[in-house]
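I set out to record what I looked up in this model, entry by entry.

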Amino acid sequence: MNRRDSIKAIGLGTVGTGLLLESCRPGDSNKTAEETTQSSGKLPGVQDFEHARNTELNKEQFFTEHEMATITVLSDIIIPKDDYSDSASTAGVPAFIEFMVKDIPDYKLPMRGGLKWLDVQCLKRFNKVFTDCEEKEQLTLIDEIAYPLQAKPEMQQGVAFFSLMRNFTASGFFTSEIGVKDIGYIGNRPGPWDGVPEDVLKQYGFTGNE
Amino acid sequence: MKHFEIQEQDQVYDAIVVGSGAGGGMAGYVLANAGLKVLMLEAGPFFDPAKDALQLRWPWESPRRGASTVRPFGDFDAAYGGWQLEGEPYSTVDGTDFQWFRARMLGGRTNHWGRISLRMGPDDFKPTDGVTDAWPITYDEVKPFYDKVDRLIGVYGTVEGLPNEPDGIFLKPPKPRLNELFIKRGAKKAGVTVIPGRGAVLTEALPGMKGRGTCFYCGQCGRSCKVYGDFSSSSCLVIPAMKTNNLKVIDNAMVREVLTNDEGLATGVSYVSTVDMKEYSVRGKLVILGASACESARLLLNSKSKAHPGGLGNSSGLVGRYLHDSTGSSMSGFIPELIERKRYNEDGTGSVHIYSPWWLDNKKLNFPRGYHIEYGGGLHMPSYGFLDWVPSVNGQVPDKDGKKKEQGGYGISLKNDYRRFYGANVGMAGRGTALAHKDNYCEVDPNKVDKFGIPVLRFHYKWGREEVAQAKHMQETFQSIMHEMGAIITSPTYGPDTSYGLEAPGKIIHEGGTVRMGDDPKNSVLNKWCQSHDCKNLFVVDAAPFVQQGDKNLTWTILALSMRTAEHILEQRGKLNI
């Protein structure tokens, strides 16, 4: 079997090449990241116990409405909409974080406690919870916990929480359809591999004969 | 249990093969193709990569985006199982450690392995340093089988003529990725050899091979391949062997013990169905174990009889002894020059594009043997946690405006950093020879059974001075390569307190040695044909017979030895010796 037959064998070969690549491209599905996360469909090759576990986790609700609202604001502070792509919450990041803390329960406490820590800080300073603060107020606090090397010792718990929140947000965003497109990953499709493109070789001082 | 009934089958198979991984798969393939009626028992479910692979799935098709919560190598990886299995525990003696990875599925761990396919060399079979025992066979005796495996299964690579790193019959290797060109450049300056990788992936059509597709470069061998473009025992051996109508597979069959008669010969095996929990026994003229090094040892130790009071084939008392994995230590970082690199598809193959075979002379070193280095990094498919490193390094290199910014951050500036740093990461991992010691072993735990009532294994494994010294050397080498390629190291500095990042025994998933071969029955369990000294119709074909593995990943040697054993069985059957 040659490469073309290989592609046929996985059921992608009956369409033209353009269509083939199109069919593998992120964004062709109408499902949002959230829908997929909540999806009840079991993929072939996923074991029954794995699927049952996913279904159970999806039924459970961990974060309160207020906590989810705070997570939504935080995720959009970390990854906002810009000229190239939409925001973290649009890409389904809050729902992803809700799933992950149930999937890895060790994250439940640091997330819940961290969100509470944030509200307590805001109440002390602004007499309001984080979500009720003005954007300027929110960012004043975020600035104190977003830069680990600069942060004051008394803000370290906030730094730890924000780092966790930042990692969750980046994971959730850049593994969503929007995020994969944004970061420019263009693989996961059948194609040839003939080494580094000529212009890139040249850019870094390679000849292609290394 | 009111009615404990064992369902016996009348048919006597020519051979019963326990396990369907590289060893069991190859034995089943050779014997079934020669016309023997073979029964294969697999503890896990049937798995056909064509249907069951999660290849070409996107990260958002997993609710955890490929995180390793359930499967140790992530949601899309093709191993059912892991270091812990529900209801199938194992124990370790205090002060020792062993992590036992088990894949319960047709094809076993070959569905997800790295496809790195290296031959052991002449010095690996017959060491010249006297540190470990010699094998009863030489490289030259195994070479014809390595050649046949190359032709049957396919492996890419290049003819290099290096000492103790034998060449094979190679398909064309994939060209290096950009990060790998940087690695090669840095390694050369650091005095470390780098050559094209050797992987069991069909980069071109394999002469004479029907039913397998060629690689289309998705880089996802770990998910197993729907077109059978890489080697899995399921796709390349067991499923084709079933088409001969001579191989029958019973899946979800957990073998309890090997049955023997009064003369001490094997007559078959008993197993429990993991689906209906009923007990079964099947009969065969030969029993061939390929259940994995530790599982085969466990099976022998649990098969006690009047003729074999210390466990089947264990008159030497060595079953379970000489357990050894590979050493492993790693380092990661990023290449500042690659920040804001151009995007293109560099998925390549799912095996290694380049690697460093062991390049030094041990006379000048404080440890025996050596290690090879595997490399990674680049524009890979996004998955859970893949950008976690960015906020901890974005303060180390100047931003677009030439100024350094504060590490961490948020907002549009951070969003841009994730984009800028993506694909600039680089990683390297050493895989080295861990010495086979009699005192590193597994045995039956006297106090514990699994959910099937089968006594479980208890491990005793400690690293020695040699393995720690090797890990130290790995870290120093990695540092020097990173430095020479202009990379910034992001992984922690591993010192003596962590044994230089040396992974726990078992973590590299290269365990072998537990049913070792040799000429002297007092000093070995199997003869040089992987046949029990004590029970002539019993064979072991996984990594258990290994006297001492080299730094080469062991799958290619398992395949070659299993083929050799199977051909020996055919020859001896002809002579009516077994």
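I count a residue as buried if 20 or more other C-beta atoms lie within 10 Å of its own. The model is predicted, and I read every entry below with that in mind.

**Entry: helix 6 of chain A**

I applied the burial criterion to helix 6 of chain A and found A:Val93, A:Pro94, A:Ala95, A:Phe96, A:Ile97, A:Glu98, A:Phe99, A:Met100, A:Val101 and A:Lys102 buried. Ten of the eleven residues of this helix are therefore buried, and the helix is largely enclosed by the rest of the structure.

**Entry: the contact between the chains**

I then asked how many residues each chain brings to the contact. Chain A gives 63 residues and chain B gives 63 residues.

**Entry: confidence**

I looked up the scores for the complex, and the predictor gives an ipTM of 0.95 and a pTM of 0.95. Chain B has a mean pLDDT of 97, with 99% of its residues at 70 or more. For chain A the mean pLDDT is 88, and 81% of its residues reach 70 or more. I marked residues 13-38 of chain A, where the pLDDT is below 50; this stretch has 38 contacts in the model beyond near neighbours in sequence.

**Entry: chain B overall**

I counted ten helices and 20 strands in the secondary structure of chain B. The C-alpha trace of chain B spans about 85 × 50 × 50 Å along its principal axes. I found 60% of the 578 residues of chain B buried. Among contacts in chain B with a separation of 6 or more, 74% join residues 24 or more positions apart.

**Entry: the five-stranded sheet of chain B**

I traced an open sheet of five strands in the order 8-3-2-12-20, with parallel pairing. Strand 8 (247-250) and strand 20 (538-540) stand at the edges with a single partner strand each, so one side of each has no neighbour in the sheet. The twist averages 20° from one strand to the next. Strand 3 (residues 38-41) pairs with strand 8 in the parallel sense over four bridges, and I located B:Leu41 opposite B:Ile250 in strand 8.

**Entry: the three-stranded sheet of chain B**

I traced a further open sheet, of three strands in the order 5-18-17, with mixed pairing. Strand 5 (91-92) and strand 17 (441-449) are at its edges, each with a single partner strand, so one side of each lacks a neighbour in the sheet. Two bridges join strand 5 to strand 18 (residues 455-460) in the parallel sense; B:Ser91 has B:Arg458 as its bridge partner. Helix 7 (residues 293-301) lies across strand 17 and strand 18, at about 60° to strand 17.

Is strand 9 of chain B enclosed or exposed? Eight of the eight residues of strand 9 (residues 253-260) are buried, so the strand is largely enclosed by the rest of the structure. Strand 9 and strand 10 (residues 266-273) pair in the antiparallel sense over seven bridges, and B:Glu257 stands opposite B:Ser270. The hairpin has five residues between the strands, and there I noted B:Gly264 with a positive phi near 85°.

How values were computed
Residues numbered from 1 in each chain as written. Chains lettered and ligands numbered in written order. Predicted model: local features only at pLDDT ≥ 70, side-chain atom pairs only at ≥ 80, totals over all residues. Contact = placed C-beta atoms within 7 Å. Buried ≥ 20, exposed ≤ 12 C-beta atoms within 10 Å, placed from the backbone. pLDDT = per-residue confidence, 0-100. Pairing = 2+ DSSP bridges. Axes fitted to C-alpha atoms, helices over the stretch in contact; angles between N-to-C directions.
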